[in-house]
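Here is a friendly briefing to read alongside the picture.

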Amino acid sequence: MQVDFYHLTVRPLERVLPKIAEKVVETGGRLLIVASEPARRDMLNKLLWSYAPDSFLPHAQIGSTNDPDQPVLIGAGTDAPNGARNIAIADALWRDDALSFDRAFHFFDDDAIVEARAAWRALADKPGVERRYWKQDDAGRWEQAA
């Protein structure tokens with residue numbers, strides 16, 4: 001399983017997450033987006049409808065109709081009724097349950113750097129886990145730093 005740590009320094013989650021979600025869906029994958037706070041989930045739901053005028057990214061919050069049919073679901077926990085094998089952690093709070101997915105995207109900013117470093121270190125000894133650390137350059141492009 002692969003865990004990609006995305007350190008948000010130039011562009012915020014609202015600019016990065018939709019692009020990641022698009023790529024997952026374009027390749028035929030499904031995605032679970034996790035955030036513990038209801039207000040954050042509501043914001044992410046609105047974001048995925050409106051982040052670009054020419055985009056369409058089908059999604060729903062868990063508990064809507066047809067959860068199993070949704071390519072992207074937003075929820076508070078790591079249960080994926082849509083069968084997602086990809087998880088995006090959108091509240092910077094690492095969850096070990098994410099290791100049951102094939103790929104995890106862990107987004108965090110400078111306010112959560114201490115916690116992200118602790119998660120990075122904790123995953124070092126987990127068998128079968130490949131870690132990657134991505135940071136943004138001054139122009140907002142992603143560079144793999146580790």
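Aspartate 91 is buried, with a relative accessible area of 16%; buried means under 20%, exposed over 50% and partly exposed in between, using a 1.4 Å probe and protein chains only. The model is predicted, so local features need pLDDT of at least 70 and side-chain atom pairs pLDDT 80 or more, while totals for chains, interfaces and linings use all residues. Residues are numbered from 1 along each chain as its sequence is written, and side-chain values use heavy atoms, leaving out hydrogens and water.

**Salt bridges**
- The structure holds five salt bridges, each a side-chain nitrogen of Lys or Arg within 4 Å of a carboxyl oxygen of Asp or Glu.
- Aspartate 91 pairs with arginine 95 in one of them, at 2.6 Å from N to O, and arginine 95 counts as buried at 15% relative accessibility.
- Arginine 103 bridges to aspartate 4, with their closest N and O atoms 2.6 Å apart.
- Arginine 103 sits in strand E6 and aspartate 4 in strand E1, so this pair ties together parts 99 residues apart in sequence; strands (E, at least two residues) and helices (H or I, at least four) are DSSP runs numbered from the N terminus.
- Aspartate 4 is buried at 0%, whereas arginine 103 is partly exposed at 27%.

**Nonpolar core**
- The largest nonpolar core has 24 residues, and Leu17 and Phe105 are among those with the most contacts inside it.
- Such a core is a set of buried Ala, Val, Leu, Ile, Met, Phe, Trp, Tyr and Cys residues joined through side-chain atoms within 4.5 Å.
- Helix H1 gives the most to this core, with six residues.
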